[in-house]
Amino acid sequence: MDGIQIMVTLGGIALIAATLWFFFGASTGPGAGKKKFACPMHPWITSDDPAVPCSLCGMPLVRSDELKT
Ligand SMILES: [Zn+2]
């Protein structure tokens with residue numbers, strides 16, 4: 001009986017871990033190919049083109065994944 005309970009518990013933990021991995025993996029997987037650039041001072045100013053400066057302060061945009069530590 002105890003063995004079955006341990007098996008069920010481990011199965012549940014594995015299922016939760018797989019679900020978490022799926023969601024976090026999916027958020028970084030397909031989106032990683034898209035390079036978004038954002039102003040360090042105004043992160044809501046974003047562009048796909050790093051040559052375009054921030055429209056508010058004129059600072060060059062940096063990769064948004066570098067802003068997220
Ligand atoms: Zn700015």
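**Contacts, fold and confidence of the predicted chain**

In the protein chain, residues 24 or more positions apart account for 26% of the contacts with a separation of 6 or more, two residues being in contact if their C-beta atoms, placed from the backbone, lie within 7 Å. The structure is a predicted model, in which local features need pLDDT of at least 70, side-chain atom pairs count only at pLDDT 80 or more, and totals for chains, interfaces and linings use all residues. Residues are numbered from 1 along each chain as its sequence is written. Of the 69 residues, 6% count as buried (20 or more other C-beta atoms within 10 Å of the residue's own, with C-beta atoms placed from the backbone).

The chain contains two helices and three strands, arranged along the sequence as α-β-β-β-α. Helices (H or I, at least four residues) and strands (E, at least two) are DSSP runs, numbered from the N terminus. The three strands form an open antiparallel sheet in the order S2-S1-S3. Strand S2 (46-47) and strand S3 (62-63) stand at the edges with a single partner strand each, so one side of each is left without a neighbour in the sheet. Strands pair if DSSP finds at least two bridges between them; two bridges join S1 to S2, and Ala-38 stands opposite Thr-46 in S2.

Confidence is expressed as pLDDT, the predictor's confidence in each residue, from 0 to 100. The chain averages 79, and 80% of the residues score at least 70. Among the elements, strand S1 (residues 37-38) has the highest mean pLDDT (93) and helix H1 (residues 2-28) the lowest (75).

Key
A residue is buried if 20 or more other C-beta atoms lie within 10 Å of its own, exposed if 12 or fewer, and partly exposed in between; C-beta atoms are placed from the backbone.
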